[in-house]
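Dear colleague,

Please find below the structure for your review. My findings follow directly after it.

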Amino acid sequence: MSISVCSLSGPGTSALHALGLAGDRSQCESLLQDLLSQPLKGGATYTEFLDAAGQSIDDGLCLSWPDPPFQFVLTTHGSPLILEELIHRCVELGAVHSAGSDQIFRVPEEAVAEKVLGQALGRLTEVISPEACSFLLEQASPSGFAGVVEKWKTQAPSIDEVREVLDRGLLGRAVMKSSVVVLTGVTNAGKSTLLNVLVGEDRSIVTPEEGTTRDLVVASTQINGFPLTLVDGAGWRESPGLIEEQGLLRVKEAIRKADLVVELIPPARLEEMNLEDSQKEASSIPESAFVFPEDVPVIRVLSRCDEFLSTALPPNCDLAISAKTGEGLGLLEDQILQVLYGQATVPEGGPYPFLDEHVIFLERLVSALDSGENGQVCLQDYLEGVNRC
Ligand SMILES: Nc1nc2c(ncn2[C@@H]2O[C@H](COP(=O)(O)OP(=O)(O)O)[C@@H](O)[C@H]2O)c(=O)[nH]1
Ligand SMILES: [Mg+2]
């Protein structure tokens, strides 16, 4: 019998799994007579899939498939175990398990580079915003990164053209990879409240008691389509307890690795900072607590601004927010993206390398072109996964 069965879906759990039956149509139909509890109907048959003992493996659809190489596509619930059992049953009934990941949706003739196309479509399941989905779909299209790579296969690019695409790498990768933003400030500055608001759920405990947060709280969110990892931890204060001191060490370590620090300065702290030096000595937190590494950008924010009596922004703050009323939060979000990426919206229009390996490939291509080659070897090596140039 010349029937092959293969999984059309990725590994692991998902909403649905699909497998394809390819080969001679009448042979496929006779296999299905044993596999399905229902007789085949025209386009789609809702049915149980039966094992050798006639027990149901799962229920799902058997679709008569219009395009070769498949004759039929079976959909099941999303467990990899069901998929495995169904493939096993098809093999019992005479099919050959083909491990090849045949594409269910074939790429059109004017196809874009399949490698990049696959990377873009494959990552659709990972992103959590509509903006990032649109971005990936565009990168998979002829006008996206997949498209330029395809074009370069037949028309050698100029070095300037490659450099121009390479320059877009920071923004493109930002859509796929979280930057780490650490929230810092004195105790009760409102760090945990802000984290909860930005994430949209209560991840960090909030109380009026100083020293509430001790361990680091790490939470994922997205702003305007850019994924971000937010880190909240212990706040600075005079004579912290033993556990808090440990917590502060963790905050310092997190700051060292951060892409950005958002320092919250509540009105009470502002007053303290405005005291004369001689008055400060008695009670204040050491200034050294607020020294950040030079290479980590800092946004200084007046927090709890609903409690601030003046309307003028203090000179040492970039903006004012209230996590309670929501004032200034949109501005803060935009500012975070501006500082990290130079713009607050996911890029649209044109090719953007979106993986680290794209940037490495483009850097190699630039140096190949720079040394007088036409770049085809480098391009081919990248597309075939060879690590030579
Ligand atoms: N009025 C006002 N209170 C706030 C605001 N943000 C936080 N708080 C309150 O300040 C206290 C400390 O907040 P918390 O988020 O735990 O501060 P943290 O120690 O910096 O994490 C809590 O009672 C919060 O309800 C704000 O924007 N306005
Ligand atoms: Mg806290």
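Helices here are DSSP runs of H or I with at least four residues, and strands are runs of E with at least two, both numbered from the N terminus. Axes are lines fitted to C-alpha atoms, for helices over the stretch in contact, and the angles run from 0 to 180 degrees between N-to-C directions. Contact means heavy atoms within 4.5 Å.

Please note that this is a predicted model, in which local features need pLDDT of at least 70 and side-chain atom pairs count only at pLDDT 80 or more, while totals for chains, interfaces and linings use all residues. Residues are numbered from 1 along each chain as its sequence is written, chains are lettered from A and ligands numbered from 1 in the order in which they are written, and side-chain values use heavy atoms, with hydrogens and water left out.

Two strands pair if DSSP finds at least two bridges between them. Strand 8 and strand 9 (residues 226-232) run antiparallel and are joined by 7 bridges. Ala219 has Leu230 of strand 9 as its bridge partner, and Ile223 stands opposite Phe226. The hairpin of these two strands has 2 residues between them, and Asn224 there takes a positive phi near 50 degrees. In a regular strand, side chains alternate between the two faces of the sheet. In strand 8, Val217, Ala219, Thr221 and Ile223 form the covered face, whereas Val218, Ser220 and Gln222 form the uncovered one.

Turning to the metal site, the magnesium ion (ligand 2) has Ser192 (OG) and Thr213 (OG1) as its protein donors, at 2.0 to 2.1 Å. Ser192 belongs to helix 8 (residues 191-199) and Thr213 to the loop between helix 8 and strand 8 (217-223), so the pair ties together parts 21 residues apart in sequence. Donors are N, O and S atoms within 2.8 Å of the metal (3.2 Å for Na, K and Ca); water is not among the atoms, so sites may look incomplete. Ser192 and Thr213 are both buried, where buried means under 20% relative accessible area, exposed over 50%, and partly exposed in between (1.4 Å probe, protein chains only).

Asn188 is in the loop between strand 7 and helix 8 and is partly exposed, with a relative accessible area of 29%. Arg304 is in the loop between strand 11 (298-302) and strand 12 and is partly exposed at 31% relative accessibility.

As for the overall division, the protein has domain 1 (3-97), domain 2 (114-168 + 350-384) and domain 3 (180-341), with bounds from an automatic or database domain assignment. The C-alpha centres of domain 1 and domain 2 lie 36 Å apart.

The largest nonpolar core has 76 residues, and Val262, Leu332 and Ile336 have the most contacts inside it. Such a core is a set of buried Ala, Val, Leu, Ile, Met, Phe, Trp, Tyr and Cys residues joined through side-chain atoms within 4.5 Å. Helix 13 (residues 356-370) gives the largest share of this core, 7 residues. Domain 2 and domain 3 both contribute residues, so this core lies between them. A second, separate core of 21 residues includes Leu21, Leu31, Leu86 and Leu93.

The other open sheet of 6 strands has the order 3-4-5-2-1-6, with mixed pairing. Strand 3 (44-50) and strand 6 (96-97) are at its edges, each with a single partner strand, so one side of each is left without a neighbour in the sheet. Helix 1 (residues 25-35) packs on this sheet, and its direction makes about 25 degrees with that of strand 5. Thr75 is in strand 5 (residues 70-77) and is buried, with a relative accessible area of 15%. Finally, the peptide bond from Pro68 to Pro69 is cis, with omega near 10 degrees.

Yours sincerely
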